[in-house]
Amino acid sequence: MTTAVRQANEVRTTCPYCGVGCGIIAAIDDDGRLTVRGDREHPANQGRLCSKGAALGETVDLDGRLLYPEVAGRRVDWDTALDTVAARLREIVATHGPDAVAFYVSGQLLTEDYYVANKLMKGRIGSANIDTNSRLCMSSAVAAYKRAFGSDSVPTCYEDLEQADLVVLVGSNLAWCHPVLFQRIVAARTARPGLKTVVIDPRRTASCDGAWLHLPLRSGTDAILFDGLLAWLDAHGHADRAFIEQHTQGVDEALAIARWYAPSVTSVAEQCGLNAADVEAFYRLFADTPRVVSLFSQGVNQSSCGTDKGNSLINCHLLTGRIGTPGAGPFSITGQPNAMGGREVGGLANQLAAHMELGDPEARARVARFWGATSVPERPGYQAVELFRAIESGAVKAVWIMATNPAVSLPDTDQVRRALTACDCVIVSDCVAGNDTLTYADVRLPALAWGEKDGTVTNSERRISRQRAFLAAPGEARADWSIIGDVARRMGYAGFDYRHAGEIFDEHARLSGFENGGERDFDIAALAGQSPDEYAAMAPVQWPLRHDRSGTARLFGDGRFFTASGRANFVAVAPRPPARHADPAYPLILNTGRVRDHWHTMTRTGKSPRLSGHISEPFVAVHPADAAQIGLHDGELATVISVWGEAVLRAELSDAQPPGQVFAPMHWNDQFASQARIGSLVNPCVDPISGQPEFKHTPVRVVPYRAAWHGFLLSRRPLVPQQATYWSKARRRGLWHYELAGELAPDDWAVCMREQLGRDEQVAEWRELYDSTQVNYRGARIVDGRLDAVVIIGPDHALPPRDWLAELFNKERLETAERNRLLRGTPPDGRVDAGPIVCSCFSVGVNTLRDAIANRALATPEAIGEALAAGTNCGSCIPELRRLIAEVDAQRATTTAGAPIAEVD
């Protein structure tokens with residue numbers, strides 16, 4: 001990187017969202033506002049940003065921040081808080097042993113934070129009870145890589161996606177979940193039209209845009225598809241015999257099992273619910289394309305047999321020798337910004353630091369020598385799901401949760417909440433003052449957030465990048481590593497006298513090279529011994545590092561692996577069905593995942609009006625045929641019920657959803673909706689090897705939610721809606737937007753709303769319309785000529801659009817015509833609302849797009865971009881633009897076909 005790290009008030013840093021690890025240039029303008037743009041010199045994104053990254057400036061503020069330590073709900077000074085934490089942990093360890101305490105950490109932590117937490121738990125307290133929310137997204141990929149390669153080694157890099165001739169997306173909606181990488185593929189496909197993509201996913205997602213083939217396989221049958229591919233490749237002469245004989249072991253057993261379970265294309269097609277011709281076309285394309293990258297994500301990992309699924313895919317690359325060369329390899333794409341860094345330092349309960357194995361006595365002794373520890377634990381600690389069961393049972397009596405929200409994100413979250421309620425001591429380090437997990441905290445510790453903290457993260461292609469601080473620490477918030485180190489010293493442990501993050505990174509780098517003669521994959525020893533200035537200026541680099549500090553783009557090009565024999569392992573995969581099956585009581589299968597513009601539990605993205613504009617309400621996607629059987633209509637509310645819990649969501653009917661399956665996003669929680677915690681529904685079954693939960697397959701039933709009333713509320717102030725048994729909340733510019741429904745109406749809506757919004761009639765003007773039946777009510781509260789709140793209650797189908805009313809909140813004073821139309825909810829000039837946002841980067845709504853496509857003859861996304869700018873920044877809305885063009889064209893064709901034929905003389 002040739003440009004200075006800091007130029008005046010600009011700072012080069014790394015995005016806090018997904019595992020792509022995009023470089024960002026952050027700047028504070030003269031008015032104190034944050035602006036961000038993509039860093040063109042960062043290899044991960046080359047200047048691109050997705051909608052979330054581009055909107056970071058809207059999410060950095062002190063609203064809702066935890067700024068001071070609290071014990072038992074009271075603000076205290078740091079000494080009191082740290083003494084309390086240290087004393088409680090020390091007492092519990094002394095009384096009940098080291099395994100009675102646990103840390104639950106996060107891929108949101110920086111590597112330096114992770115390292116210190118792992119050292120305290122495994123190197124001083126003497127327990128392996130530290131696990132991470134990365135268990136929920138990446139542990140199956142980790143286990144699959146380790147079984148195949150002897151190490152958690154991602155063999156590929158992002159350039160391979162551009163150099164490949166075939167990219168297979170397996171269980172990955174890359175267009176929405178990792179948009180910058182998807183756009184790199186799209187750009188490569190434009191430059192080289194021969195590059196093909198195949199999407200393997202039960203749903204038809206945005207990633208299918210431009211795909212050569214979509215295979216909508218039956219949920220849970222991935223291993224059958226890839227066992228079939230393995231057997232087919234061998235039977236048709238596509239095995240690389242020289243590579244197999246020289247560099248692998250176990251192929252005969254793997255092939256025997258694959259032939260048994262997937263004996264033919266027809267058998268595979270029947271088991272997977274696919275067209276046999278499509279299966280064979282995919283197999284032939286894979287066979288005929290030497291440069292193939294198989295990119296897999298949560299659709300593979302989040303399964304009770306996710307490790308086997310990963311290995312079934314890796315087997316196909318080993319059979320054909322397609323690994324370690326440009327444009328080829330099995331590529332696990334990570335979900336979090338530092339899930340990879342957590343794996344490097346041993347953040348999982350079954351790992352040691354620096355990719356060493358907890359079950360290896362020599363590795364344990366080596367780490368103990370380096371850390372100056374008497375010993376490190378021999379047994380793995382509790383993994384995420386079993387950890388919270390151990391807490392509920394009383395086996396674990398203290399838990400320290402850092403930078404994560406398990407009361408929302410884990411499966412069977414009602415059990416998690418029972419566990420936290422029962423726990424003797426719950427410590428939470430976080431940057432926010434309120435979330436679902438903090439409700440249960442005995443001690444709250446304010447941590448630094450993105451833009452304030454300083455350290456490193458590692459992305460999906462093993463690239464270490466710096467996150468740099470460009471904002472002052474607010475209140476009394478501190479770095480996580482500093483908090484952990486202070487607690488360690490108060491517990492009487494040495495080895496935590498770090499003065500800055502660079503010293504921790506130096507120790508981390510030295511451990512990676514300690515007694516490492518090349519038999520371990522993770523080696524960044526060349527970065528040890530950096531001066532503070534060198535650490536501050538450290539450029540992005542991929543491990544393992546050479547002595548000259550240059551990185552390594554690809555692994556295994558020499559055919560040498562990190563197993564004891566140096567050979568890669570074929571893993572014989574006997575496909576297993578998901579742990580739970582649909583039945584008459586729960587006839588549908590729930591699949592969960594992310595949406596385009598939100599992230600995790602919305603702590604950050606929920607602050608952004610433009611990110612909330614695309615999908616503002618929790619929903620469940622249902623195939624129209626299933627909806628017809630249920631008696632459910634598009635846009636109605638529905639209750640989704642499983643053995644473990646239930647949620648109330650807005651129904652979205654879509655033929656992109658396979659029959660028999662429904663999809664619901666994971667993001668909403670008690671801060672943003674009344675009954676939308678999807679984790680409460682998800683079955684807690686886990687992969688027996690990786691411990692990763694089966695988020696992609698839970699039997700449910702769906703029934704209409706019959707509310708007595710519906711409505712919406714727009715308010716400048718956040719509030720908890722009264723009377724509503726269903727509500728959802730979304731940020732809009734200058735206001736909060738609530739969708740409402742209830743099972744009982746109040747006796748008097750006017751009284752209810754005045755109590756809810758304020759009775760200060762001396763400063764507020766009220767405008768109201770209502771009837772004696774209490775079915776309809778419309779009220780507006782105006783303060784000093786500005787609109788302060790609007791509430792409209794009525795039949796769901798009769799509610800007016802929200803956008804024009806929302807725009808009025810940005811006006812300093814309402815005009816007479818606007819006042820007169822206020823309770824009607826429609827603008828005086830008759831214009832149409834912009835509608836839900838499609839392009840978040842430029843806030844372009846669906847109705848604006850439909851009108852422009854129809855009336856301005858915009859026939860391509862490029863034409864829309866020229867006219868409205870939509871799709872010209874991150875590109876993640878382009879699949880939706882293409883869909884809208886097709887819908888308008890179809891409507892135009894239908895209208896034309898139905899028109900009378902004019903007579904011609």
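Modeller: Let's start with histidine 355, which is found in the loop between helix 15 (339-345) and helix 16 (361-371); helices here are DSSP runs of H or I with at least four residues, strands are runs of E with at least two, and both are numbered from the N terminus. This is a predicted model, where local features need pLDDT of at least 70, side-chain atom pairs count only at pLDDT 80 or more, and totals for chains, interfaces and linings use all residues. Residues are numbered from 1 along each chain as its sequence is written, and side-chain values use heavy atoms, with hydrogens and water left out.

Biologist: What makes the peptide bond from tryptophan 543 to proline 544 cis?

Modeller: Omega is near 0 degrees there. Proline 544 sits in the loop between strand 20 (541-542) and strand 21 (568-569).

Biologist: Why are helix 3 and helix 20 called roughly parallel?

Modeller: Helix 3 (residues 111-125) packs on helix 20 (residues 480-490) at an angle of about 20 degrees, their axes being 8 Å apart. Axes are lines fitted to C-alpha atoms over the stretch in contact, and angles run from 0 to 180 degrees between N-to-C directions. Under 35 degrees counts as roughly parallel and over 145 as roughly antiparallel, so this pair is roughly parallel. Glu112, Asp113, Val116, Ala117 and Leu120 of helix 3 make the contact with Asp480, Trp481, Ile484, Gly485 and Ala488 of helix 20 (contact means heavy atoms within 4.5 Å).

Biologist: What classes do the residues of that contact divide into?

Modeller: Six are nonpolar, one is polar and three are charged. Ala, Val, Leu, Ile, Met, Phe, Trp, Tyr, Cys and Pro count as nonpolar, Asp, Glu, Lys and Arg as charged, and the others, Gly among them, as polar.

Biologist: And why are helix 8 and helix 11 called roughly antiparallel?

Modeller: Helix 8 (residues 222-235) and helix 11 (residues 265-272) meet at about 170 degrees, with axes 9 Å apart, so they fall in the roughly antiparallel class. Ile224, Leu225, Gly228 and Trp232 of helix 8 touch Val265, Val268, Gln271 and Cys272 of helix 11. Here the count is six nonpolar, two polar and no charged.

Biologist: What lines the second largest cavity?

Modeller: Its lining includes Cys15, Tyr17, Cys18, Cys22, Leu49 and Pro179. By class, that lining has nine nonpolar, two polar and no charged residues. The cavity holds about 80 Å³ of space.

Biologist: How do you know what counts as a cavity?

Modeller: On a 1 Å grid over the protein atoms alone, it is a set of points where a 1.4 Å probe fits but cannot get out, and lining residues have an atom within 4 Å of a point. Grid points are joined across faces, edges and corners, and volume is the space filled by probe spheres set on them. The whole structure has six cavities of 30 Å³ or more.

Key: Parallel < 35°, antiparallel > 145°, perpendicular 65-115°, else oblique. 1 Å grid on protein atoms, 1.4 Å probe; cavity = no way out; pocket = protein on both sides within 12 Å on 5 of 7 lines; lining within 4 Å.
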